[in-house]
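Biologist: Let's go through this one step by step. Please give me the cut-offs as they come up.

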Amino acid sequence: MEDYVLPESLILDVLSRLPVETIVRCKCVCKKWRDLVSDPYFVDLHLSRSRPCLMFHQYKYPHPILVFVEVEHEVDYDRLTLGHVKSLDLGLIAFRSLNQIFEVGSINGLICLRHEGYAIYIFNPVVEEYMILPEQTFLDFVSRVSYGFGVSMGGEYKVIRIIGRRIPEERSMASVEIEVYTLGTDQWRTLGQSPYHIQYRGLLVSGVFVNSHVYWFDYIQIYDFDLDTETFELIPPPAGLGDDHESKQMLGVLKGSLSLFSGSSLLGFNVWVMKESSWHKAIAIRETIDRIFRSQVWKPLCLIDGLNGTSILILCVKEDRENLVGYCLNTNKILDLNIPGNYWMVISTYRPSFIKPLNFGSERVDS
């Protein structure tokens, strides 16, 4: 009697539906399965089914740590259940780990990190490979620098660097220069100076990637870089956004669209969503805002999609100690997380994949 062999297509279909850690263990079963998981067809199939996780970037001394967790929204119990996937000590990839390592962004399982003063890393924690981008040009008299990471419609992965230089005649403003690095080219390109100026105040936060665009938010100004045309534009904010100077604001992604959260303990919460180049107010909470926001110090950290079309804000609340809290913006209910947090923590969504940095070819790749 001949041994029964499962069709390869069926093996790929089953493997692509398993949790990431299970797939990694399956690679050790035999050489055939290891090769299947590395096959481009499987990589694309798994990515199309990969569930988004949350990525916690904790700035701990002496090394920052990345923690990946799967999220389950239990609507009936008003809680978010977090399942640990993996933790990484970023000091293992940093040559001089005492300098801060900042998250730039992630797309399709690839994470971009900026090691302050030294290097830009692109790495995939699932396949445990990372690349170091070439050194950038020396910046003198630079007032502001920010980064973004995303992929164009044509499949080109790009790192964007925004350089703001103080304008002597306007001490509160800075001119904007843009540099782009396309993975696989082994070089930075200078796009020249943008016609737009930015406020001279500290650092812009890292950009938010949505549909081949990277967006930055600076007080009430929103900047857009198109990864296909490589153009940089200023887009108008929602009407009335700057009326409340005490509000806390943040860009995010909800249901695949650029979203803007703005909230204060006095005036409530608003969420706008960008649809066809226009802002639409999707959520407005006034008198029913939970009392925890009226009496405590809090900071918004991340927007995520919940079950049944809901939207969830994850924030840090400072009471006797700093805790992470989930808040359903549709039901106005606090979602139990029961884990500590801090004001310096960065939280973002992450979609695991088996894309290997080695596939881009030009850059040096390490394990």
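Modeller: Axes here are lines fitted to C-alpha atoms, for helices over the stretch in contact, and angles run from 0 to 180 degrees between N-to-C directions. Contact itself means heavy atoms within 4.5 Å. This is a predicted model, where local features need pLDDT of at least 70, side-chain atom pairs count only at pLDDT 80 or more, and totals for chains, interfaces and linings use all residues. Residues are numbered from 1 along each chain as its sequence is written, and side-chain values use heavy atoms, with hydrogens and water left out.

Biologist: At what angle do α1 and α4 pack?

Modeller: Helix α4 covers residues 40-49, and its axis is 9 Å apart from that of α1. The packing angle is about 35°.

Biologist: Which residues of α4 does α1 meet there?

Modeller: On the α1 side, the residues are Leu12, Asp13 and Leu15. Their counterparts in α4 are Tyr41, Phe42, Leu45 and Arg49.

Biologist: And how are α1 and α3 oriented to each other?

Modeller: Helix α1 (residues 8-15) packs on α3 (residues 31-38) at an angle of about 70°, with the axes 11 Å apart. This crossing is right-handed too. Under 35 degrees counts as roughly parallel, over 145 as roughly antiparallel, 65 to 115 as roughly perpendicular and the rest as oblique. That is why the pair counts as roughly perpendicular.

Biologist: Which α3 residues take part?

Modeller: From α1, the contributors are Glu8, Ile11, Leu12 and Leu15. They meet Lys32, Trp33, Leu36 and Val37.

Biologist: On to the strands. What is the strand order in the open sheet of four?

Modeller: Strands pair if DSSP finds at least two bridges between them. The pairing in this sheet is antiparallel, and the order is β16-β17-β18-β19.

Biologist: Why is one side of β16 and of β19 left without a neighbour in the sheet?

Modeller: β16 (248-254) and β19 (278-285) stand at the edges of the sheet. From one strand to the next, the twist averages 25°.

Biologist: How many bridges join β18 to β19?

Modeller: β18 spans residues 268-275 and runs antiparallel to β19. Val271 stands opposite Ile283, and Trp272 has Lys281 as its bridge partner. The two strands form a hairpin with two residues between them, where Glu276 has a positive phi of about 50°. The bridge count is seven.

Biologist: How many residues of β13 are buried?

Modeller: Buried means under 20% relative accessible area, exposed over 50%, and partly exposed in between, with a 1.4 Å probe and protein chains only. His213, Tyr215 and Phe217 point one way from β13, while Val214, Trp216 and Asp218 point the other way. Across residues 213-218, the buried count is six of six.

Biologist: Which residue in the hairpin of β13 and β14 takes a positive phi?

Modeller: β13 pairs with β14 (residues 221-226) in the antiparallel sense over six bridges, and Tyr215 stands opposite Asp224. The hairpin has two residues between the strands. The one with a positive phi, near 60°, is Tyr219.

Biologist: And in the hairpin of β12 and β13, which residue takes a positive phi?

Modeller: β12 (residues 208-210) pairs with β13 over three antiparallel bridges, with Val210 bridged to His213. Two residues sit between these strands, and the one with a phi near 50° is Asn211.

Biologist: Last one: is Asn308 buried or exposed?

Modeller: Asn308 is found in the loop between β20 (297-305) and β21 (311-318). It lies 9.8 Å from His73, C-alpha to C-alpha, although they are 235 residues apart in sequence. With 72% relative accessibility, Asn308 therefore counts as exposed.

Note on methods:
Left-handed = near helix turned anticlockwise from the far one by under 90°.
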